[in-house]
Structure formats: structure tokens, C-alpha cells
Amino acid sequence: MNSAELYENRNSSQFNDSASVLNQFKSKLQWQDNETIMDVGCGPGNVTAKLLQPLVPNDARIIGVDISPNMVEHAQKKYGNKNLHFCTLDFGSENIRQMFELESFSKIFSFYCLHWIQNQRRSIENVRSLLKPNGTALIVIVVHSPLFTVYKAMSKLAEWEPYMKDVDRFITPYQEVENPCDEYRALLQNSGFRVSDCFAKDSPVDAPTFDFLKESLRAVNPFLSRMPKNLQAKHMSDLMDIVIENNMIEIEGSGGKLTYIQPNRVVVALCQKNP
């Protein structure tokens, strides 16, 4: 996910779903003066700048963090302003508390990010350590995706196995969990949070054409940068073949109108840190 411009232009599904979640919960978010807010996994910064900043009070300060320096550079250059700053941060790190003052954020938001951290308990402990007592977290994680099934299948092919040995790092740890919502709620509660809302829902994929979908999947593919450029087109072609073979999409008519049959599944959680 190193092409920030491509990712921003092709992540309309996540952008639209983040907008829907914020709209659903905005009446439950209570604001104070001079709040400091973190957006974890800000990516190219468009969700932070276009959805989150307009929602918060004018005097609120937002810090968007992402593990990718490329994403952060793009976000800061395009969207940074006096109340919105972006910086590089591995949110799964044990040392996160050395980078930010403990209990310094009143709210933490994270859309489509925290499932990338295989140590889920640490991800929630890091949220808790940075939140002020009674601070609020609004989190959206992917708990199942057809794309991860495709990654797993491709990692077993001789041509792609050398580049995908650590494929499980790029698959949500909830992919095969029967009741991910219950598991995530329990994780939050056992980590010192009061859970106001926690539910699972489908997250539709916004990809009007086959080519758009292919570019969208290329934008989020973490394996392409590992392989020679002359293999990347073949890799994406093979990936799309598996998508078609597994009946994940339907293509209608000569215009190539596309219906994504198997949506992503996400868990949405709103919680408050115990005093």
C-alpha cells in the first residue's frame, strides 16, 4: 500500500463506509474545548481531512498516524493544516507510549486499520494507554474479506509463494472466527473499556467496473512491491482470475458493469476508557 495517490483514488468503499459510521455515531460523540484527537491508520489522509475534521470543534487538534511514510508524506502535503498534522507511527509497537504522552488524547478514531495488527490485545492496550480517562474510541475493523481468501490461495501457488511467505500478516486475525463481534467486545472489556456499541455488518465494495476493481485491489496489495516489475501485471491477472473462479463478482453486459457478490464483513465498536 505504498502508492498513496492510487490508494486515495481507489478507496471509495472504505471512505463511504467511514462516512456512514461517523454519521451514525456523531450524535453520541460529546465534545469539549481544545480536544486532542488521534486518527489511527490515516492512510492518504482523505478520511481524516474530509470526514473527521469537519465533524470536530474548530479548536480541536487532530493527529493522523500511519505506518507508511509514503502515506504520511502525501497526507501532510495535501491536507496538513494548523489543526491537522500527520506523522509516521507503527501502532502495533511496544514502544508507542514513548512516542506520545500517556492519556493525552480525548478521542481516538480508527477506520479499517487495527485488524492489520496481529497482536490484537496490544493494539487495544495502545489505544487505552493514549486515551484520557473516560476518553472515547470509535473503531472499525475488517473481520472477514474475500480478498484475504484470495491471498491465501495465491500464496500456495509456486510462482507467488516466494513473495507471500508471510501472507498471514496481511489477513485479519478474525478471518475464520465464528463470532468476531463477541470476541472483540470481550477484548475491549477485558482491556478496560466500557462498550457502548459493538456490532458486525457487511461493508459493500464500491467497484463499478472490472478495471476499477482491479486497480482498487492493486492499490492495497502488499506483495507487489516485493516482486520484479515484470511480474506484477501477471500477479494481478492471476489474482483476478481467482476472484472470478470463486464467483466473487458478476460482470453484466458488454459495458463491464460489475456486481461484487461477496462483501467485506466489519465490526464497529464505540467504547469509553474506564476511569
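This is a predicted model: local features need pLDDT of at least 70, side-chain atom pairs count only at pLDDT 80 or more; totals for chains, interfaces and linings use all residues.
Residues are numbered from 1 along each chain as its sequence is written, and side-chain values use heavy atoms, with hydrogens and water left out.

**Stop 1: K78 and E8**

The structure holds 14 salt bridges, a salt bridge being a side-chain nitrogen of Lys or Arg within 4 Å of a carboxyl oxygen of Asp or Glu. Select K78 and E8 to see one of them, with the closest N and O atoms 3.3 Å apart. This pair links distant parts of the chain: K78 sits in helix 4 (residues 69-79) and E8 in helix 1 (residues 4-10), 70 residues apart. Helices (H or I, at least four residues) and strands (E, at least two) are DSSP runs, numbered from the N terminus.

Now colour by accessibility, where buried means under 20% relative accessible area, exposed over 50%, and partly exposed in between (1.4 Å probe, protein chains only). E8 is buried at 9%, whereas K78 is partly exposed at 43%.

**Stop 2: K152 and D168**

Next, select K152 and D168, whose side chains meet in a salt bridge at 2.5 Å, N to O. K152 belongs to helix 6 (residues 146-154) and D168 to the loop between helix 6 and helix 7 (180-190), so the pair ties together parts 16 residues apart in sequence. K152 is partly exposed, with a relative accessible area of 31%, and D168 is partly exposed too, at 45%.

**Stop 3**

Move on to K234 and E159, which form a salt bridge at 3.0 Å, N to O. Here K234 is in helix 9 (residues 229-245) and E159 in the loop between helix 6 and helix 7, so parts 75 residues apart in sequence are tied together.

**Stop 4: H115**

Finally, centre on H115, in the loop between strand 4 (105-111) and helix 5 (120-130). Is H115 buried or exposed? H115 is buried, with a relative accessible area of 2%. Follow its side chain to the backbone nitrogen of V142, reached at 3.1 Å. Then show the residues that H115 touches (heavy atoms within 4.5 Å): Q120, I141, V142, T172 and P173, not counting residues up to four places away in sequence.

Technical notes. A polar contact is a pair of N or O atoms within 3.5 Å; within protein, one must be able to donate a hydrogen and the other to accept it, and residues adjacent in sequence count only if both atoms are side-chain atoms.
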